[in-house]
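Here is a protein model to look at. Work through the questions below with the structure in view.

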Amino acid sequence: MNITPMQSSRLSHGHTELIHTIRHCGLTSGLQLCLDAGDALSYTSGQSWLDRSGNGYDFFVGATSSSEGSDPTFNGTAGRRSSGEYWSFDGGDYFKYNSANETWMENIHKNNAKFTMACWLYIGSTATQSGFAGDYQTGPIGFIWQHTNTGGIQFLVVNTAFVMQVNGSTATAGVWQFHAVSVDEAVGANGGFLLLNLTKVSFTSTYASPSSSAATATFEIGSVGGAREPLTNTSRMGMFAAWTEALTETQLTAFYMATRGRFGV
């Protein structure tokens, strides 16, 4: 594919659809989920945020296919691909997967987990703990990706007790930031890392006695699962993607550089 100067400029500044950016960066291997608030084929109207990966893993806007109080609000003009196209949250909103968890979702909390999740977020307040994604309810099994009530980024895997609990950098409220978690559980030492913009925190990826059973809750974005700990009021989300590959720091840096311009970072 030949990239013209104009196309190259658009890609370098993030003003293209996320799925095209992922392809341009060579990150389609293992791609499971590609949600983009600025892509008219991902959202124009209605009660679903549509997956552009080609897998059809669509999410309800809110808890169900009906309009209700848990629905995030779409802002901007469909397909414009600017910082003005995003989902806003009021402290009780989230996206819920529209079916039973897929195998790749369930594998996140299991032995030999191998995955990456990445998103662009504007956190309204770091004073209240809230979730980026998860499938953990009040029961004992699942994963949690969140920030704490001091803004620290965490990734946790639960099998009654925590079998993985790692901490990353501290998020800043009121600005757009890029977040990613990459894990290859079988690697062990330095087999995982959390990324906040370009700040990497590595960790040992081994899960201690993980469950082989299903997660307690359906996969949700904007909460930790089961409608618990939703993103705080005035938070925003522009993109969310997931892979069954443990992307490297170099790959995620390329992803960050190719998308940051849309959010003025």
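Predicted model: local features only at pLDDT ≥ 70, side-chain atom pairs only at ≥ 80, totals over all residues.

Q: How many residues lie between S9 and S10 in their hairpin?
A: Helices (H or I, at least four residues) and strands (E, at least two) are DSSP runs, numbered from the N terminus. Gly151 sits in the turn of this hairpin, with a positive phi of about 90°. The number of residues between S9 and S10 is four.

Q: What is the mean pLDDT of the protein chain?
A: pLDDT is the predictor's confidence in each residue, from 0 to 100. In this chain, 95% of residues reach 70 or more, and the mean is 94.

Q: How many bridges join S9 to S10?
A: Two strands pair if DSSP finds at least two bridges between them. S9 covers residues 141–147 and runs antiparallel to S10. Across the pairing, Phe143 stands opposite Val157, and His147 stands opposite Ile153. The bridges number seven.

Q: Which residue of S11 is the bridge partner of Gly152?
A: S10 pairs with S11 (residues 161–170) in the antiparallel sense, over seven bridges. Their hairpin has one residue between the strands, and Thr160 takes a positive phi near 70° there. The partner of Gly152 in S11 is Thr170.

Q: Which residue stands opposite Gln146 of S9?
A: Look at S8 (residues 130–134), which is joined to S9 by four bridges and runs antiparallel to S9. S8 and S9 form a hairpin with six residues between them. Opposite Gln146 stands Gly131.

Q: Why is S10 largely enclosed by the rest of the structure?
A: Buried means under 20% relative accessible area, exposed over 50%, partly exposed in between (1.4 Å probe, protein chains only). S10 spans residues 152–159. It is largely enclosed because the buried residues number seven of the eight.

Q: Which residues of S9 point the other way from Ile141, Phe143, Trp145 and His147?
A: Seven of the seven residues of S9 are buried, so S9 is largely enclosed by the rest of the structure. Ile141, Phe143, Trp145 and His147 point one way. The residues pointing the other way are Gly142, Ile144 and Gln146.

Q: How many aromatic pairs does the count give?
A: Rings of Phe, Tyr and Trp (its six-membered ring) pair if their centres lie within 6.5 Å; planes under 30 degrees apart count as stacked, over 60 as edge-to-face and the rest as tilted. By this rule the count is 26.

Q: What is the angle between the planes of Phe74 and Trp87?
A: A pair of aromatic rings is described by the distance of the centres and the angle of the planes. Phe74 and Trp87 lie 5.6 Å apart, centre to centre, and the pair is edge-to-face. The angle is 70°.

Q: How far apart are the ring centres of Trp145 and Phe240?
A: Trp145 is in S9 and Phe240 in S16 (residues 236–243), 95 residues apart. Both residues are buried. Their pair is edge-to-face, with 65° between the planes and a centre-to-centre distance of 6.2 Å.

Q: Over the face of which residue does Arg236 lie?
A: A charge sits over a ring if NZ of Lys or CZ of Arg is within 6 Å of the ring centre and within 35 degrees of the ring normal. Arg236 lies at 4.2 Å from the ring centre of Tyr122.

Methods: Residues numbered from 1 in each chain as written. Heavy atoms only, no water.
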